[in-house]
Amino acid sequence: MKQWSLARQLLVVQVVIVGLLVAASASLAWADVADRAEESSAAEVTALAKAIAGGPTVATAVAGPDPTAVLQPYAERVRVDTGVDFITIMSTDGVRFTHPNPAMIGGRFLGNTAEALAGRAFTETYTGTLGPSVRAVVPVTTFDGRVIALVSAGISVSAISAEVADRVLWLVVIAAVILALGALATYLVSRRLRRQTGGLAPAELRRMIGYHESILHAVREGLVLVDDDHRVTLCNDGVRALLDLPVDADGKRVDELGLPDALVERLLSDTEMHDELHLTDTRMLVVNSSTVHHDGRALGTVVTLRDRTDLQALTGELDTVRGFAEALRAQAHEAANRLHTVVSLVELGRPAEAVEFATGELAIAQRLTDQVVGAVAEPVLAALLLGKAADASERGVELIVAEDTEIADQNGVPARDLVTILGNLIDNAVDAAADSAQRWVRVSAHSHPDELVLQVADSGAGLPEDAHGQAFQRGWSTKPGDSRGLGLALVGQAVRRAGGTVAVGREVGAVFTVRLPRGERA
């Protein structure tokens with residue numbers, strides 16, 4: 001059997017509670033009205049009985065020969081005028097002089113008279129000839145205090161109940177209106193809750209929340225929910241690791257979390273992102289965002305982040321290998337041309353010139369290879385420099401490796417980071433030098449006991465001084481195109497990850513100097 005939704009359960013509970021409260025309030029009000037009506041009736045008959053007993057008519061008639069003849073018309077007239085149910089005037093022995101039913105005159109009064117005979121007025125509820133009634137019994141006294149007769153006035157309980165019923169009718173109407181308003185308010189609250197919870201039962205909500213919590217903690221990608229005030233409302237474990245968020249990140253604005261300026265600017269702009277690359281100090285992230293709408297109103301933004309650091313590093317290594325392969329292809333092409341030249345010289349009967357040409361070209365290539373391999377102990381870096389040299393040669397740029405270059409070891413810096421740093425610096429330098437007149441790039445590297453120093457200089461136009469601080473930000477570049485501004489940003493990220501520094505200077509063109517402190521051996 002399908003469970004009731006949370007909204008329906010709340011509706012039933014609230015209706016029951018409101019009904020019980022209204023019923024209890026109505027019952028208490030009914031009891032209060034009944035008590036007040038009885039008290040009011042008792043006070044009314046007491047005042048009436050005292051007024052009759054204090055008048056001269058009763059005392060004079062009692063002393064006469066026929067009290068009934070005088071008192072019966074008088075009592076009935078007063079009873080009709082005041083609206084009470086009976087007025088009985090009697091002797092001290094309880095013999096009635098008056099009664100609404102003349103047949104009862106001369107009979108004994110049904111009720112207590114002891115207190116009245118003692119000179120004290122009192123009230124009681126008693127069942128007499130007219131049924132249960134609230135009555136007052138008051139003594140008639142002479143000037144010296146002697147009791148000579150008794151007066152009793154009363155209102156029947158049925159009359160009091162009828163009066164209470166008339167009063168309570170409005171109370172019932174008011175209670176019904178309150179109950180209806182309470183039920184309507186409860187229904188509106190329940191309806192809103194049904195929209196908020198999707199009409200799900202508590203067990204379904206609990207299960208869904210459990211699933212959501214499991215998913216949030218299970219996925220490696222980062223997930224952040226930001227409200228319309230740009231405050232973090234939810235973030236999973238993945239995004240805390242990717243962005244190094246503090247424990248108390250929930251509830252803070254995105255510009256209070258120490259995120260990269262470029263990412264903060266995009267999040268504050270409220271524009272959606274699609275596979276945008278953003279750099280932190282240690283990672284490259286692919287960021288997507290989408291605005292959440294409900295009933296035509298923007299509630300906030302869902303931001304997802306994927307770590308592309310390892311993929312970007314592998315891409316860099318692949319580019320290096322591809323460049324090396326292109327260099328080998330170019331060298332093979334050049335070697336074929338040189339071989340054809342040598343063969344042609346031999347066929348022309350000029351073997352001496354053929355030998356001189358072949359050994360000269362070989363010496364130039366071998367000298368660069370020997371210099372790089374001898375100076376750089378890391379084979380990946382050696383291959384990178386040889387590949388970049390061949391690539392630069394194809395573009396008409398001379399890649400010069402300084403004579404004093406020596407990298408005995410990696411100083412604990414991962415080869416992947418060194419490839420990222422040197423590869424991007426050389427690529428930028430070759431691009432700059434290709435547009436210059438001198439067309440050269442110089443690379444030097446030195447291992448010291450406490451640091452590794454890398455330097456790349458070019459013959460290009462250099463960087464403006466006011467751009468030195470922006471050159472390593474994502475998106476800054478002197479090149480046109482959509483994919484610009486990533487190389488130097490990756491260099492800056494890799495240098496920060498290694499705990500080093502990068503400085504920009506100027507000789508002929510730009511000079512980039514990277515200092516990487518010695519770390520633990522990998």
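**Cavities, helices and salt bridges**

The largest cavity in this predicted model has a volume of about 110 Å³. A search through the whole structure turns up 3 cavities of 30 Å³ or more.

On the surface, Leu-169, Trp-170, Val-173, Val-177 and Leu-181 come together as a nonpolar patch, with about 530 Å² of accessible area between them. Leu-181 sits in helix α5, which covers residues 157-197. With a relative accessibility of 54%, Leu-181 counts as exposed, because the cut-off for that label is over 50%. As a reminder on helix geometry, an α-helix has 3.6 residues a turn, so residues three or four places apart point the same way.

Helix α11 (residues 379-394) has 16 residues and should span 22 Å at 1.5 Å a residue; its end C-alpha atoms are 23 Å apart, so the two values agree. Its buried residues are Leu-381, Ala-382, Leu-384, Leu-385, Leu-386, Gly-387, Lys-388, Ala-389, Ala-390 and Ala-392, a list that takes in a lysine, Lys-388. Just past the end of α11, Gly-396 adopts a positive phi of about 80 degrees. Helix α12 (residues 415-434) runs for 20 residues and reaches 28 Å from first C-alpha to last, close to the expected 28 Å. Helix α12 is also mostly covered, with 15 of its 20 residues buried.

Backbone angles deserve a quick look too. Most residues other than glycine have a negative phi.

Asp-275 leads on to the charged pairs. The structure holds 10 salt bridges. In one of them, Asp-275 pairs with Arg-306, the closest N and O atoms being 3.7 Å apart. That pair links distant parts of the chain, since Arg-306 belongs to strand β9 (residues 297-307) and the partners are 31 residues apart. Arg-306 is partly exposed, at 37% relative accessibility.

Glu-507 and Arg-442 form another salt bridge, at 2.9 Å from N to O. Glu-507 is in the loop between β13 (501-506) and β14 (510-517) while Arg-442 is in strand β11, so the pair ties together parts that are 65 residues apart in sequence. Both ends count as partly exposed: Glu-507 has 49% relative accessibility and Arg-442 has 24%.

A further salt bridge joins the side chains of Glu-451 and Arg-515, at 2.9 Å from N to O. Here, too, distant parts of the chain are linked, with Glu-451 in strand β12 (residues 451-458) and Arg-515 in strand β14, 64 residues apart. Arg-515 is partly exposed, at 38% relative accessibility. Finally, salt bridges with shared partners join Asp-229, Arg-231, Arg-253 and Asp-255 into one network.

Methods. Residues numbered from 1 in each chain as written. Predicted model: local features only at pLDDT ≥ 70, side-chain atom pairs only at ≥ 80, totals over all residues. Heavy atoms only, no water. Patch = residues over 30% accessible without salt bridge, like charges linked within 9 Å, V, L, I, M, F, W, Y side chains within 5 Å. Areas by Shrake-Rupley, 256 points an atom, 1.4 Å probe, with all protein chains shown as cover. Salt bridge = Lys/Arg side-chain N within 4 Å of Asp/Glu carboxyl O. Helix = DSSP H or I, 4+ residues; strand = E, 2+ residues; numbered from the N terminus. Buried < 20%, exposed > 50% of the residue type's maximum accessible area, 1.4 Å probe, protein only. Expected span 1.5 Å × (residues − 1). 1 Å grid on protein atoms, 1.4 Å probe; cavity = no way out; pocket = protein on both sides within 12 Å on 5 of 7 lines; lining within 4 Å. Points joined across faces, edges and corners; volume = space filled by probe spheres on them.
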